Amino acid sequence: MNAITGVSRRAFLKTGAVLGGGIVAAGMPLSQAIWAAEGKVLKARSNFLRKLDPAFYSSQGDVDVMNCIYSKLTRFKPGSEWGWDLEAAEKIEQVDPTHIRFRLKKGIKFTGGYGEMTAKDVKFSFERVIKLDGSAKLDWGSFDHVELENDYTGVIVFKSPYVPAWLLALPYAGGHILSEDAVVKLIPGGGDFGMKPPAFSGPYVIADWKPDQYTLLTRNPDWSGPKPGFDEIRLVAISDDKAAERAYQAGDIDFTSISLDSVAGFKSTPPADTKVEEKPSIGYTWLGLNIDNPKLKDINVRKAIQWAINVPQILDAAYSGQVNVATGTIAPAIVGHRAKALVPPEGDLMKAKEFLEKAGVSDLSLTLNCSNDSRMTNIAQMVQAQLSQIGITVEVNALDDSTFWTIGMESEGERWKDVQLILNHYIGLPDPHYQVVSFTQDQVGVWNWERFRSERFDEVVAKAIAIEDPDARAKLYYEAQDLMEESGAYRFLTNEAMPIVYRNTEIVDAATRPDGAPLYLDFRPA
């Protein structure tokens, strides 16, 4: 996968920035500063956008916008249960373990005079993801090609059975369908178009975008499908939860996630006409150890660090105790969630000291890299204090996004060689494959910053994607997470949570995925 400046495709962005353009911070309402249009308007918080090319998506914020401006064969259902609905597909079915047949709805138009969406565009879009080796390639697993039957019908062909197709490849970023003619005309060969979509096919188009400030979506005049609830969607780029809360209270946005330590306050004394909902996150936060670093090559040193970490203490300090203790990369309610980790949550200082003695190490000093988000720096300081109890000195390096999200990538220079401890958070998706595939050997120096290598792990990950039975599949994911933990390269902390607030004078139904990610097309105005 390619490195994306500033953010990670698997990163749940939470930085210390306030607002890109400082508009809210300057006290000027966004409605006056940027927009003057009338009509039903949805104002929501967004992450900073970096890529609107589905093959190279970099964050959930990118995908939230793609969902509005492109079409997919299927899309995630809103609600509390994970599932999918038809979108561009009139019909779709698993013909056999390696073939999925689809039939497109007729009349879906691309803007710019590029005509009707056909199966040829589906073939181009999906095969392009694999050809370009972008960030979405991992999501497509064993996909090989699309066979065309006629203008509206085709068969998606996999080299081997790929169960995650239904809850990962098709309804998420890499499932968006582009106009082949438009992409090739814009970029000969059909390469990365970044933030310049050559054509739209969804209910909305991008009317305006200011980097790290805002995105304005307006209705697509060529859209003939079901009419979404709002005439405009105004997305304000705010990475920090506290800044988003201030923007909400000022009336600049009507939908946002909030920090966990603010939930009690929002519930006890909420802003007028505000609804608060708590969603279970399926991401995962962990402390990683670079096993290739000379100071961490000895597994006894790594195990000492694992056993010195008291997870409940950290969560009480950083999250006011309002999140779960993670047992691995796979969250509760997802196939493969372990009942417990191998190292108990509280750890054991005596055991940790024994591992250090076994390694013959004393006066060890290490660096810990994290993003400069307030929550991550709080966790890092707790780790620093806990490791000091076994004689390990830790220097915390809190980094901005553009620096942090490249430190472990070999493509970005030599900094990966100096990485020792890393505090990280990746988003999750409902298929467990997404939560383990970043740690295979071919991801060393890409997303696998611990540089963990296990032939058995790779074998288990490859085997699990072909198994439909959830119980049999879960056992493989249990083993995969055991292997990660046994390496000493991981101390799992939490899956976090996703509290959201919205103004129910503007929004009657804030439609989200089960994990709180917004599905703007399903929002309904009051």
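Reader: What should I know before I start?

Author: This is a predicted model, in which local features need pLDDT of at least 70 and side-chain atom pairs count only at pLDDT 80 or more, while totals for chains, interfaces and linings use all residues. Residues are numbered from 1 along each chain as its sequence is written, and side-chain values use heavy atoms, with hydrogens and water left out.

Reader: How are two packed helices described, and at what angle do helix 8 and helix 10 pack?

Author: Two packed helices are described by the angle between their axes and the distance between the axes. Axes are lines fitted to C-alpha atoms, for helices over the stretch in contact, and angles run from 0 to 180 degrees between N-to-C directions. Helices (H or I, at least four residues) and strands (E, at least two) are DSSP runs, numbered from the N terminus. Here helix 8 (residues 311–319) packs with helix 10 (residues 374–388) at about 145°, and their axes are 9 Å apart. On the helix 8 side the contact (heavy atoms within 4.5 Å) is made by Gln313, Ile314, Ala317, Ala318 and Tyr319, and on the helix 10 side by Arg375, Asn378, Ile379, Met382, Val383 and Gln386.

Reader: Which residues of helix 8 are buried, and where do they lie around the helix?

Author: An α-helix has 3.6 residues a turn, so residues three or four places apart point the same way. Buried means under 20% relative accessible area, exposed over 50%, and partly exposed in between (1.4 Å probe, protein chains only). In helix 8, the buried residues are Val311, Ile314, Leu315, Ala318 and Tyr319. Seen down the axis of helix 8, they fall within an arc of 95°, so they line one face of the helix; the arc is that of the directions from the helix axis to the C-beta atoms. Their packing partners are strand 15 (284–289), helix 10 and strand 19 (490–494).

Reader: What happens at the two ends of helix 8?

Author: A polar contact is a pair of N or O atoms within 3.5 Å; within protein, one must be able to donate a hydrogen and the other to accept it, and residues adjacent in sequence count only if both atoms are side-chain atoms. At the start of helix 8, a side-chain oxygen of Asn310 comes to within 3.1 Å of the backbone nitrogen of Gln313. Just after the helix, Ser320 has a positive phi of about 55°.

Reader: How many residues of helix 7 are buried?

Author: Eight of the ten residues of helix 7 (residues 299–308) are buried, so the helix is mostly covered. Among them are Arg302 and Trp307. At its start, a side-chain oxygen of Asp298 reaches to within 2.8 Å of the backbone nitrogen of Asn300.

Reader: What does Glu87 reach with its side chain?

Author: The side chain of Glu87 reaches the backbone nitrogen of Lys72 at 2.6 Å. Glu87 lies in the loop between strand 4 (84–86) and strand 5 (89–96), and at 12% relative accessibility it counts as buried.
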